[in-house]
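Trainee: Could you take me through a single part of this one in detail? I'd like to look closely at one spot and see how it sits in the chain.

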Amino acid sequence: MNTTRFMGITTTILSIALVALFVQPSLDFTQDVFAEPKMKNDSVKLTSQIQTQDNVSIEFSVPETIMAGTLVPVNARVHDSERNANLSHTDWSYAIIGPNGEIVHRTTTLHGHFGIMNFKDSFPEAGTYTIKYTVLSSGPFMLGSPVPELGQTRAVVSGDLLKFTEDPTNNFGSRSFEFSVNVGNQGKTVMLQGSEPDTEIQVKFTTQPERIVVGQPTTLLLDVNDAKTGEDATHVDGQINISRGFYHYPSTSGDQPNAPIPIPLHGAYHGHRGALSTTHTFSQAGTYLITADLNAIPYSNPLFGQASTRFVIQVFDNEGTVEVMQQMETVKENTVDIVGLESPFYVPNTISATAGQTITFDNVDGNQHTVTSVKSGTLEHDGKFDSSLMQPGEKFELVLNERGNYDYFCALHTGMQGTIIVS
Ligand SMILES: [Cu+2]
């Protein structure tokens, strides 16, 4: 065993534990830490599904109704199903897979201290989506060295953060769970309550041409009517914004928000007979969000005050395919990308090389990993090679001179495994 490294890890974990002990007494324990955070809008009702694999459960909660293009909570809680107790110190990855199999959102490897992984996310179009979670426990060994009990995954049966050191450990390994979500289309005509009491407007959104293509001028038209009379609304001021992409707000640590890129337009529009339009030429294919903030002025009819809405459009390139927002996986020769907890973990998961050739491992995830050789089909080190701890962005070069099959794993996340075939 590498004693220096063992001491280093132990010291780090003990330091974290000591800091945690000093910090914890200042927390407010009168609040239930596992309760749903209070929503700003009380009308958003969440509905839950629970999946269980060998006593480990994920409770997954999303709003009862989800409309394309709106930002919604996507919450998950991992717990010991026998005791309904949250699990501490778990690593997570989270992905939203779209109706056509495209990756809409994929996180780097995240860490959850008390079993909660809550996001706010949006779904670009109507259809059925798959939400995939992979959860991994911190077991008794990490990087080949023992982990102090305090740092291992525990079922927090006490429900009390101060007493969790007395809670039982639960080393469940790695589990993947998939949940299905149906997303509806908000349509191109919406009814909006005005900020003035008892007023309602109808906003109809159309584009000319209907199918939007890169490089061709496109007119976006908002037609505003008084919902009560069906007549054109008069003298409506509007601010129209176009942005590319969607909001992805992680509410936990470890991920970068992927905010839409705003496209500057030219100030406010005025529609004497309730029609507001702007012409725009899109230079890139993709999903765009149109935000409209509408205002009545003192001589408008109806005097609805203020109302806002959003529409989603797809812009196609000249070949007729819409660019999918996803990480482009480029093929690099003799290179393995370390992508994290989500299968296939190491991409490609099996790589072929010739004896003496250099294989480069590139940690493209946002978390630490290792490339550590193991005896075939086991989690036992065989000492043939070990990258040691690789920071995000770090590379590890490996040359194998003997033919054969080499199995390796990540010594931090032992569910991550890959193979090298040397011929
Ligand atoms: Cu790892």
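Mentor: Let's look at the copper site, then at one of the sheets.

Bear in mind that this is a predicted model, where local features need pLDDT of at least 70, side-chain atom pairs count only at pLDDT 80 or more, and totals for chains, interfaces and linings use all residues. Residues are numbered from 1 along each chain as its sequence is written, and side-chain values use heavy atoms, with hydrogens and water left out.

The copper ion has His369 (ND1), Cys410 (SG) and His413 (ND1) as its protein donors, 1.9 to 2.2 Å away. Donors here are N, O and S atoms within 2.8 Å of the metal (3.2 Å for Na, K and Ca); water is not among the atoms, so sites may look incomplete. Along the sequence, the donor spacing reads H-x40-C-x2-H. Cysteine 410 counts as buried because its relative accessibility is 0%, and histidine 413 is buried too, at 2%. Buried means under 20% relative accessible area, exposed over 50%, and partly exposed in between (1.4 Å probe, protein chains only). Across the 423 residues of the chain, 44% are buried.

Now the sheet. The chain has one helix and 32 strands; helices (H or I, at least four residues) and strands (E, at least two) are DSSP runs, numbered from the N terminus. Four strands make an open antiparallel sheet, ordered β13-β14-β16-β21, where pairing takes at least two DSSP bridges between two strands. β13 (189-193) and β21 (275-281) are at the edges with a single partner strand each, so one side of each lacks a neighbour in the sheet. β21 pairs with β16 (residues 217-226) through seven bridges, antiparallel, and serine 277 in β21 is the bridge partner of leucine 221.
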